[in-house]
Amino acid sequence: MYFTYGQKEISYLKGKCKKLASIIDRVGYIQRPTDKDLFSSVIHHIVGQQISAKAQAAVWKKLTDDLPKLSPQEVLKAGETKLQSFGMTFKKAGYITAFAQKIQNGKFDLNGIWNKTDEEAVKELSALAGIGVWTAEMILLFCMERPNILSYQDLGIQRGLRMLYHHRKITKPLFEKYRKRFSPYCSTASLYFWAVAGGAVSGMKDYAPANTRK
């Protein structure tokens, strides 16, 4: 499954910015995979923190091969030692089992998150051990498919904004200007800023001073 957007979102964004309209036309439709299972998505994001996509995929394959029906019960049955044997750190294994335990004992309402506003959902998810604000925002975008997510903490988003709008630095007030401009379809805009940051459009450069780029 992929993040869903269509002509409504595209037309709105193109009407808001000629530069972004040009990027949308040049890049075309973007398919970004999603995981609609919130429990699985949280664990997947914990596994992937501070490691490469390749390493994340390897750990995830081992985990899901051994625990094909990923659930709080199965995670707790496996325990931290077995989770660590799949290639993750002991700390991450602890985060995952703590998350499963909170669901098991009713201290975290997994289903209730779907009914929260973006701000409420980010606050509740980021209160979990091992989940920060950026991770929570990515869960909202690529699991819950919330339509209006633009993450200030995401380095790719900041790079894409610098490249498209020729900024040396993206300050919080400047970021808020763009967030308001592209609301309520910031999630679709995010896909295109990531594409720009990743080099999808030739001839574009990062305007940040070389010693400050990340």
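Predicted model: local features only at pLDDT ≥ 70, side-chain atom pairs only at ≥ 80, totals over all residues.
Me: Understood. Which residues of H1 are buried?
Reply: In helix H1, which spans residues 7-16, the buried residues are Glu-9, Ile-10 and Leu-13. They lie on the same side of H1, because they cover an arc of only 95° around the axis.

Me: And what is exposed on the other side of H1?
Reply: Gln-7, Lys-8 and Gly-15 are exposed there.

Me: What do the buried residues of H1 pack against?
Reply: They pack against helix H2 (18-27), and also against H10 and H11.

Me: Let me stay with Ile-10. Why does it count as buried?
Reply: Ile-10 has a relative accessibility of 12%, so it falls under the 20% cut-off.

Me: Which residues does Ile-10 touch, not counting those up to four places away in sequence?
Reply: On that basis, Ile-10 touches Tyr-5 and Ile-24.

Me: How far apart are Ile-10 and Ile-43 in space?
Reply: The C-alpha atoms of Ile-10 and Ile-43 are 31 Å apart, and the two residues are separated by 33 residues in sequence.

Me: Changing topic: where is Ser-41, and is it buried or exposed?
Reply: Ser-41 lies in helix H3, residues 38-48. Ser-41 is buried, because its relative accessibility is 2%.

Me: What is Ser-41 in contact with, leaving aside neighbours within four places in sequence?
Reply: Its contacts are then Asp-35, Ile-139 and Cys-143.

Me: Now the backbone. What is the phi of Glu-145, and where is that residue?
Reply: Phi of Glu-145 is near 55°, which is a positive value in a residue other than glycine. Glu-145 is placed in the loop between helix H8 (133-142) and helix H9 (155-165).

Me: Is Glu-145 buried or exposed?
Reply: Glu-145 counts as buried, because its relative accessibility is 17%.

Me: What about His-166: what is its phi, and where is it found?
Reply: His-166 has a phi near 60°, again positive in a residue other than glycine. His-166 is found in the loop between H9 and H10, and it is partly exposed, with a relative accessible area of 46%.

Me: One last item. Is the peptide bond from Ser-183 to Pro-184 cis or trans?
Reply: That bond is cis, with omega near 15°. Pro-184 is found in the loop between helix H10 (172-182) and helix H11 (186-197).

Note on methods. Residues numbered from 1 in each chain as written. Heavy atoms only, no water. Helix = DSSP H or I, 4+ residues; strand = E, 2+ residues; numbered from the N terminus. Buried < 20%, exposed > 50% of the residue type's maximum accessible area, 1.4 Å probe, protein only. Arc of directions from axis to C-beta. Contact = heavy atoms within 4.5 Å.
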